[in-house]
Amino acid sequence: MTEQTAADATASSGPLVLGIETSCDETGIGIVRGRTLLSNTIASSMDEHSRFGGVVPEVAARAHLEALQPAIERAVAEAGIRLGDLDAVAVTSGPGLAGALMIGVGAAKALAVSLGKPLYAVNHLVGHIAADILTEGTEPLEYPTIALLVSGGHTSLLHVRDLTTDVEMLGETIDDAAGEAFDKVARILGLPYPGGPQIDQAALEGDPDAIRFPRGLSRASDREKHRWDFSFSGLKTSVARWIEQREAADEPIPVADVAASFREAVVDVLVTKALDACEERGVPRLLLGGGVIANKRLRDVATRRAAERGVTVRIPPLSLCTDNGAMIAGLAAELIASGRRPSTLVFGADSTLPVTEIQVAEAP
Amino acid sequence: MILAVDTSIGSTAAVVAPDGVVLGHAESASPRGHAEVIGDLLVAALEDAGVVAAEITHVATGMGPGPFTGLRIGIAAGRAFAVGRGIDVVPVASHDAAALAHIERTGDGGAFAIVTDARRRENAVSVYRGIDEHGLPVRISGPELHPQAADLAAILPSATVIVPTGTAADDANPADAPTSIIRAADLGRVAARVLAAGVAPGADEPLYLRSPDVTVGHVRKRVST
Ligand SMILES: [Zn+2]
């Protein structure tokens, strides 16, 4: 490491926190000092799921158990710290796959007890928002902001008034997550898992306007009950039906056009609802997060249409957008800085933890 | 000083001295909620023993067999505790702990089988006969799965005593009662003997005994009618 400047010293103040994230198929261990990212180690079991075409919870849980110890050791070495130096341990309590979450919860509790350090149990979705503050060389995120979090496990639209105290769930998917829809449509097209990059590749030469696939929950009649919710199950079925009709007519399948048009339907509905939320809530800021943000078309369309509507878009680096432990550590560091007490040791994995519960089991 | 953790049946933690003396013990018989209770159990076991985390030199982890989700929590906790302290894990087959307890309780010198519920109408079965020169139970087969409906007496070597474990203790006859859970204290005592003897511990892999449930190669379902 180079000699520290005064600015570095300010940037490197704050609690030293190790975060553990095991809500889906990534075993994430992150270490932060305040808002400074020291390491972001991710072990993914994605390859093990590829032959099943989607995340298999039991396979993910087994992989977490094996990945955890080496990932912690790697993260500590990378951060150049000693575990004894930590001010706190943080862990995702939910939402996510219960069996997968439990691995992280059990490990985090034992690590905290072995080190005699406080433990912060936090919300995975709010962690995705906290990822932004670890982004180097940017001004701190301003609040309020609308946040669109899209991955294989969740698709959520949030109104964030304050990171540590006030997050509102506007809407979420009522069936498949957007990432899942990519996986399922990829399978329909005979493409391998994970579907996102495959659909992207296939869509390169395709026309996004070739086929008008439905935009889920976007009709006027959906406004009342599902104004901010998403649905991708009907879209997937619609793609399958379109292909079957072509097959029945013995016509070739224009894979590029189907991929591009499907992707456009997903991107359109995500961006439209997110920007409508910005407008209705009077919030000219949109934060994107989650693994599906890796999709360049989504980022491009969001950035272009947001600019047209006077909304500023924030996109953390992709390594912080996918599920990771650094965002969990970063959220805990903010909670500590705001004076929150640690969590008790009595909490579990909550697969449906509401976003309003930013921290779980805060000590009395 | 060994910290032992087992969540293969119930959740239990214990602190055992290098000479095998049990210094502290904590348990929760609830078959669910392993993740909820594990932190408090570790703290309770340490407090019961009157030791602090820094005095722990080894962690013994019960590797199962047991229901996957619960079993893993103890292993994850044991491994994480070891990482935190920079110490070694001593993996122990959970049935070994029950076997040691059985031998000591009954003085059984013959063959016996530790039988635990593996769910889905199957039992996990390990057969032991006596103890070796290090005081470790000698496992001669298993753990392996058998249908609960199967007649174990007909399958196992003749005169094998069946020791059901993980069922409610028989209060009327405590001397004959099977252990209601696999106790971390027994697990820690096995680990103490392994360490004292300098023999290789068990494999550091969970004894799942079953592959994950998954269907491979989804066939596309027709959606058109
Ligand atoms: Zn996520």
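**From one buried leucine to a group of helices**

Mentor: Let's start with B:Leu152, which is buried, because its relative accessible area is 11% and the cut-off for buried is under 20%. Keep in mind as we go that this is a predicted model. B:Leu152 belongs to helix α4 of chain B, which covers residues 152-155. To see what surrounds it, set aside the neighbours within four places in sequence: B:Leu152 is then in contact with B:Val115, B:Val125, B:His146 and B:Ile162. Take B:Ile162 from that list: it sits 10 residues from B:Leu152 in sequence, and their C-alpha atoms are 8.0 Å apart in space.

Now step back to the whole of chain B. It has five helices and nine strands, and along the sequence they come in the order β-β-β-α-β-α-β-α-β-β-β-α-β-α. Of its 225 residues, 52% are buried. If you take the contacts in chain B between residues at least 6 apart in sequence, 64% of them join residues at least 24 apart.

A:Asp132 is found in the loop between α5 (124-130) and β6 (145-150). Its relative accessible area is 3%, so A:Asp132 counts as buried. Beyond its neighbours within four places in sequence, A:Asp132 is in contact with A:Leu141, A:Leu287, A:Arg314 and A:Pro316.

Helix α9(A) runs over residues 233-248, which is 16 residues; at 1.5 Å a residue it should span 22 Å, and its end C-alpha atoms are 23 Å apart, so the two agree. After α9(A) comes A:Asp250, which has a positive phi, near 60 degrees.

Which residues of α9(A) are buried? They are A:Leu235, A:Lys236, A:Ser238, A:Val239, A:Ala240, A:Trp242, A:Ile243 and A:Glu244. Here is a handy rule for reading such a list: an α-helix has 3.6 residues a turn, so residues three or four places apart point the same way.

Let's follow α10(A). The axes of α9(A) and α10(A) come within 11 Å and cross at roughly 160 degrees, which means that α9(A) is roughly antiparallel to α10(A). Their crossing is right-handed. Where they meet, α9(A) brings A:Leu235, A:Val239, A:Trp242 and A:Ile243, while α10(A) brings A:Val258, A:Phe262, A:Ala265 and A:Val266. By type, the residues of this contact are eight nonpolar, no polar and no charged.

Helix α10(A) also packs with α7(A) (residues 195-203), at an angle of about 120 degrees and with the axes 7 Å apart. That angle makes α7(A) oblique to α10(A). The crossing of α7(A) and α10(A) is left-handed. From α7(A), the contact uses A:Ile199, A:Asp200, A:Ala202 and A:Ala203; from α10(A), it uses A:Val255, A:Ala256, A:Ala259, A:Ala260, A:Phe262 and A:Arg263. This contact of α7(A) with α10(A) has eight nonpolar residues, no polar ones and two charged ones. Look for A:Phe262 on your screen: it takes part in the contact with α9(A) and in the contact with α7(A).

Definitions and conventions. Residues are numbered from 1 along each chain as its sequence is written. Chains are lettered from A and ligands numbered from 1 in the order in which they are written. This is a predicted model: local features need pLDDT of at least 70, side-chain atom pairs count only at pLDDT 80 or more; totals for chains, interfaces and linings use all residues. Side-chain values use heavy atoms; hydrogens and water are left out. Helices (H or I, at least four residues) and strands (E, at least two) are DSSP runs, numbered from the N terminus. Buried means under 20% relative accessible area, exposed over 50%, partly exposed in between (1.4 Å probe, protein chains only). Contact means heavy atoms within 4.5 Å. The expected span of a helix is 1.5 Å times one less than its number of residues. Axes are lines fitted to C-alpha atoms, for helices over the stretch in contact, and angles run from 0 to 180 degrees between N-to-C directions. Angles under 35 degrees count as roughly parallel, over 145 as roughly antiparallel, 65 to 115 as roughly perpendicular and the rest as oblique. A crossing is left-handed if the near helix is turned anticlockwise from the far one by less than a right angle, and right-handed if clockwise. Ala, Val, Leu, Ile, Met, Phe, Trp, Tyr, Cys and Pro count as nonpolar, Asp, Glu, Lys and Arg as charged, and the others, Gly among them, as polar.
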